[in-house]
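The stops below follow one another, each with something to select.

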Amino acid sequence: MLWRSVFYMEYLGPILTFSAMYLLGKRPLSFTQNVVFALGVIHFSKRILETAFVHVFSRDSMPFSRALINFFHYWVLFGALVGYEMFVHGTDAGYEQHWVVLLAGLWLVCQFFNLKCHQHLASFRKAKPKTETSGDYQNPSKRRAIPTGWGFDQASCANYMWESISWVLFSVLSRSYSSYFFTFCSVAQMLQWALKKHAAYKK
């Protein structure tokens, strides 16, 4: 399956399933529940826009088995399970409104830094390539460089760092078991990717 198509389906799915749980949820919903819903939709909408306008893919296709795992991770673990616990079951963290605003604000800051990391990484691959006849030609979609700034001076994969912090904040805000489980699975996967990329940077 084409990488870009998989990404679109990956990120549209949780918006639809999360929204379905929200619409089926018990009423009235609290301020915290409404903010959690908004953050979930904002996050995956951001990912769709990044897929369309930021990311440069070094591979053309993804194995179907891998795509199914990704769909399960986002559609079911996040969209269905977190959505069910938050809205249908009716989990409410019980925070005072100012704490919700603070946690949501920190989440937005981390998402912004994550976006800037993605733009920075994409800039390496979008840079004008050397001419194919020069002998130094390199396919721009496979170009690699050591990133700096936006957290890369503190972590080799700052994009994963900001993403991980975002999900921890989301879990603290929602106080749902399914959200903590989704965050654990996501961070564990990002840690594996980060270790591989760190090892590649050291070569």
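Start at W150, which sits in the loop between α4 (97–126) and α5. Helices here are DSSP runs of H or I with at least four residues, numbered from the N terminus. This is a predicted model, in which local features need pLDDT of at least 70 and side-chain atom pairs count only at pLDDT 80 or more, while totals for chains, interfaces and linings use all residues. Residues are numbered from 1 along each chain as its sequence is written, and side-chain values use heavy atoms, with hydrogens and water left out.

**Backbone stops**

Look at the backbone of W150: phi is positive, about 55°, although W150 is not a glycine.

Next select R175, in the loop between α5 and α6. R175 also has a positive phi, of about 50°, and is not a glycine. At 45% relative accessibility, R175 counts as partly exposed.

Then go to P28, in the loop between α1 and α2. What kind of peptide bond joins R27 and P28? The bond is cis, with omega about 0°. For background, most residues other than glycine have a negative phi, and most peptide bonds are trans.

**Salt bridges**

A salt bridge is a side-chain nitrogen of Lys or Arg within 4 Å of a carboxyl oxygen of Asp or Glu. By this rule the count is 2. Side chains of opposite charge can pair when their charged atoms come close.

Select K46 and E50 to see one of the salt bridges, where the closest N and O atoms are 2.9 Å apart. K46 and E50 are 4 residues apart in helix α2 (residues 31–53), so about one helical turn separates them. K46 counts as buried at 14% relative accessibility, and E50 counts as buried at 3%.

Now select E163 and R47, a salt bridge whose closest N and O atoms are 2.3 Å apart. This pair links distant parts of the chain: E163 is in helix α5 (residues 158–174) and R47 in helix α2, 116 residues apart. E163 is buried at 4% relative accessibility, and R47 is buried at 12%.

**Helix α6**

Move to T183, in helix α6 (residues 177–202). Is T183 buried or exposed? T183 is buried, because its relative accessible area is 6%. Polar contacts are pairs of N or O atoms within 3.5 Å; within protein, one atom must be able to donate a hydrogen and the other to accept it, and residues adjacent in sequence count only if both atoms are side-chain atoms. Leaving aside residues up to four places away in sequence, T183 touches W167, V168 and S171, where contact means heavy atoms within 4.5 Å.

S178 is found in helix α6 as well. With a relative accessible area of 13%, S178 is buried. Show the side chain of E85 beside that of S178: the two make a polar contact of 2.6 Å. With residues up to four places away in sequence not counted, S178 touches L81, V82 and E85.

**Cysteines**

How many disulfides does a search of the whole structure find? The search finds 0, a disulfide being a pair of cysteine sulfur atoms within 2.5 Å. Select C110, which is in no disulfide: the nearest cysteine sulfur, that of C117, is 10 Å away. C110 is buried, with a relative accessible area of 6%. For C185, the closest cysteine sulfur is in C157, 20 Å away, and therefore too far for a bond. C185 is partly exposed at 22% relative accessibility.

**Across to helix α3**

Finish with I69, in helix α3, which runs over residues 64–88. I69 is partly exposed, with a relative accessible area of 48%. Select E10 too: I69 and E10 are 59 residues apart in sequence and 9.9 Å apart in space, C-alpha to C-alpha.

Technical notes. Helices (H or I, at least four residues) and strands (E, at least two) are DSSP runs, numbered from the N terminus. Buried means under 20% relative accessible area, exposed over 50%, partly exposed in between (1.4 Å probe, protein chains only).
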